[in-house]
Amino acid sequence: MNPIFLDLGVIRIYWYSVMIFIGLLIGGILALKEAKKWKIPEDLMINYFFFLIPIALIGARLYYVLFNLDYYSTNFLAIFRVWEGGLAIHGGIIAGILWTLFYTKKYKVNFFRMADIMVVSLIIGQAIGRWGNFFNQEAYGPVTTLDFLNKLHLPNFIIDNMYINGAYHHPTFLYESLWCIIGFILLLIIRRYKYIKIGQVTSIYFIWYGIGRFLIESLRTDSLMLGNFKMAQLVSLLMIVVGLGLMLFFQKKSVFKNQYNNKENTNDINF
């Protein structure tokens with residue numbers, strides 16, 4: 001499948017970039033809608049997004065480059081060719097968290113309220129963004145058989161694009177995309193639960209995505225490595241631990257205190 005969405009001669013627009021843009025657009029719209037519900041000013045959110053998007057993208061790219069220094073040290077200009085792939089979501093998450101910490105502290109917005117809003121947008125953005133990997137024929141798993149892929153009842157265009165270097169491969173991009181879609185629906189439901197606490201939506205995201213990415217990463221053939229360990233699995237384990245810790249921390253609070261759906265609880269938790 002052609003990775004180029006539109007070829008204008010001088011300028012080429014890649015499917016990878018298109019899918020990232022769609023994910024950012026949908027995630028941003030959802031976040032603005034939820035922020036409005038909690039009376040967070042729209043201009044404050046737009047200013048937040050204006051810096052968040054490039055910071056997260058730079059973080060995602062820098063994270064990927066650091067684990068591929070052997071290549072990029074001799075191909076410096078390739079660092080800037082992000083449309084070819086090479087954005088590590090964990091790097092984007094780390095950069096996004098740091099920016100959110102700074103921004104919410106500066107403007108006296110509840111950090112965990114903002115995080116709870118953003119993780120729902122993030123996970124659907126991840127689900128969409130993984131299709132950029134599909135068009136670039138990356139983020140795939142080990143060799144498998146055509147019969148196995150047919151048993152998954154996948155459409156032919158996915159099966160055909162999983163034929164890489166003379167063999168069929170597991171569509172791990174699809175496994176993660178579906179996992180994120182399920183997580184998105186789950187977070188939407190949980191977010192409306194009467195007794196959910198501020199911060200617990202974020203903790204559930206960490207746990208859910210951490211588990212899914214850890215398992216799926218075991219199939220990936222293009223993992224970023226730290227010695228003999230897959231870096232994404234190490235970070236995923238950390239996400240699970242942090243998520244569980246936050247969940248227990250907030251659960252100890254009074255049932256009637258710091259409820260996510262109580263409009264009086266907007267700035268009563270300080271990070």
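Let's start at the surface: F5, L6, L8, V10, I11 and I13 make up a nonpolar patch, with about 580 Å² of accessible area together. Patch members have over 30% relative accessible area and no salt bridge, and nonpolar side chains are joined within 5 Å. Areas come from the Shrake-Rupley method with a 1.4 Å probe, and a salt bridge puts a side-chain nitrogen of Lys or Arg within 4 Å of a carboxyl oxygen of Asp or Glu. This is a predicted model, where local features need pLDDT of at least 70, side-chain atom pairs count only at pLDDT 80 or more, and totals for chains, interfaces and linings use all residues. Residues are numbered from 1 along each chain, and side-chain values use heavy atoms, leaving out hydrogens and water.

**Confidence**
- Mean pLDDT (the predictor's confidence per residue, from 0 to 100) is 93 for the chain, and 96% of residues reach 70 or more.
- Residues 267-271 fall below 50, yet this stretch has 14 contacts in the model beyond near neighbours in sequence (contact means heavy atoms within 4.5 Å).

- L6 sits in strand β1, residues 4-7 (a strand is a DSSP run of E, at least two residues; a helix is H or I, at least four).
- L6 counts as partly exposed because its relative accessibility is 35%; buried means under 20%, exposed over 50%, and partly exposed in between.
- R220, in the loop between α9 (200-217) and β6 (225-226), is buried at 12%.
- Among the residues R220 touches, leaving out those up to four places away in sequence, are R130, Y140, E176 and K230.

**The sheet**
- Three strands form an open antiparallel sheet, ordered β3-β5-β4 (strands pair if DSSP finds at least two bridges between them).
- β3 (143-144) and β4 (163-164) are the edge strands.
- I164 has A167 of β5 as its bridge partner.

Key. Patch = residues over 30% accessible without salt bridge, like charges linked within 9 Å, V, L, I, M, F, W, Y side chains within 5 Å. Buried < 20%, exposed > 50% of the residue type's maximum accessible area, 1.4 Å probe, protein only.
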